Amino acid sequence: MTFYDEFEQRSADERAAWQARELTAAIKLARTTPAMASILQEFGQDGMTLDLLAALPVIRKSELSTAQRKFPPFGGFTTRPPHEFENVFQSPGPIYEPGRRGNDWWRLGRFLFAAGVGSGDIVQNCFGYHLTPAGMMFESAARAVRAAVLPAGTGQTELQVRAAADIGSTVFAGTPDYLKVILDKADEMGERLALSRATVSGGALFPSLRQSYADRGIATTQCYATADLGLIAYESQAMEGMIVDERVIVEIVRPGTGDPVPEGEVGEVVVTTFNPDYPLIRFATGDLSAVLPGISPCGRTNMRIKGWMGRADQTTKIKGMFVRPEQVAALVARHPEISRARIVADRSGEMDLMTVQLETDSEDAARYEGTVLDTLKLRGRIELVAPGSLPNDGMVIEDRRIYE
């Protein structure tokens, strides 16, 4: 068994001592940024410990968004001015994220290494390169493990198949669902692909979908990463939970608070990153997970989490894109004849489906297609229902998918 670096086999005491030193340095550095200086004004003393971390305030994405409107583009959370970053990205919201080239800035190389990707591979990178950072995140990771990259991006499935067949792509990188689209198109075209591994993120990897890829000889592993934080946790080939990245601290807290929950209890994932360009201290992801006991059978000794278990709020991810309650409110506001709306996420076979239920007397669903695409950034089936017929439970996004 080989490892990415010596960090992966540290003892619990060694890791805790290193994290305490890094945390002290990260908080001092964060206090040099306008936003974090305000948030951490009562903290940042020498000798920070992991126990003291829980006393610091939690930063939520809504605060980041508000700060970015006041102090564009990064809200005062970075230690560098915007022009010193090689890239500026825009995620739905909009939220703006910085990016740097070189040295695997988002740290996803650790994930690709654990998946068995290396210098003999060609990675077909089907994450988007337009505005959002996922494409660059995985390209940076591939460079870190010395793999070649086909920057395929999203869409144009027939061309994707043609390229994979012609150049012999061995690794797929993209959302879990999209690999099935490519494989089905390859079957239709009569092409045999050389893909043997899939490294996925940006959506739920359902067990049935993973098994369908395994039946084709493709070993699939997933990681948990965000544009703000980079790699948070990842699967190894042991595929027993997700191992926390060595350069972050992950806490599981009671949703809506910053209070850590007992090991094994489901709570919200809160992450502290030691990125010197973009130090985020106790950044709440809005995702739910739980700590797994013990260490991975692969020999990596860091804490493990169960992976993504839903959202702490109603925000959910459909077809790899977040859909948020404020987007649903914007949809309703665009059409006075709509009294309420509800987004339903479901599955058909191995694909995500989105149904947009609208309370209205209108009988013309087509008139809302453009607004749905504009506000939700996704296409979905539109279902018109009578006013007063949706449940009066305050829910605007309902996720009916089963994650077990």
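Q: What is the handedness of the crossing of α10 and α11?
A: The crossing of α10 and α11 is right-handed, a term used when the near helix is turned clockwise from the far one by less than a right angle, whereas anticlockwise is left-handed. Helices (H or I, at least four residues) and strands (E, at least two) are DSSP runs, numbered from the N terminus. The model is predicted: local features need pLDDT of at least 70, side-chain atom pairs count only at pLDDT 80 or more, and totals for chains, interfaces and linings use all residues. Residues are numbered from 1 along each chain as its sequence is written, and side-chain values use heavy atoms, with hydrogens and water left out.

Q: At what angle do the axes of α10 and α11 cross?
A: The axes of α10 (residues 325-333) and α11 (residues 369-376) cross at roughly 150° and come within 9 Å. This makes α10 roughly antiparallel to α11. Axes are lines fitted to C-alpha atoms, for helices over the stretch in contact, and angles run from 0 to 180 degrees between N-to-C directions. Under 35 degrees counts as roughly parallel, over 145 as roughly antiparallel, 65 to 115 as roughly perpendicular and the rest as oblique.

Q: Which residues meet there?
A: Q327, V328, A330 and L331 of α10 meet T371, V372, T375 and L376 of α11, contact being heavy atoms within 4.5 Å. By class, this contact of α10 with α11 has 5 nonpolar, 3 polar and no charged residues. Ala, Val, Leu, Ile, Met, Phe, Trp, Tyr, Cys and Pro count as nonpolar, Asp, Glu, Lys and Arg as charged, and the others, Gly among them, as polar.

Q: Now α8: which of its residues are buried?
A: In α8 (residues 176-189), the buried residues are P176, D177, Y178, L179, I182, L183 and A186. Buried means under 20% relative accessible area, exposed over 50%, and partly exposed in between (1.4 Å probe, protein chains only).

Q: What covers them?
A: The cover includes α7 (157-167), β6 (171-174), β7 (197-200), α9, β18 (340-348) and β19 (351-359). Helix α8 lies across β6 and β7, at about 130° to β6. Just after α8, G190 has a positive phi of about 75°.

Q: How do the axes of α7 and α8 cross?
A: They cross at roughly 75° and come within 9 Å, which makes α7 roughly perpendicular to α8. In this contact, T157, E158, Q160, V161 and R162 of α7 meet Y178, V181, I182, K185, A186 and M189 of α8.

Q: On to sheets: what is the order of the 4 strands in the open sheet?
A: The order is β1-β13-β12-β11, with mixed pairing. Two strands pair if DSSP finds at least two bridges between them. β1 (59-60) and β11 (248-253) are at the edges with a single partner strand each, so one side of each has no neighbour in the sheet. β1 and β13 (residues 283-289) run parallel, joined by 2 bridges, and R60 stands opposite A284 in β13.

Q: What do β2 and β3 form?
A: β2 and β3 form a hairpin with 3 residues between them, and G93 in the turn has a positive phi of about 150°. β2 (residues 87-91) and β3 (residues 95-99) are antiparallel and joined by 5 bridges.
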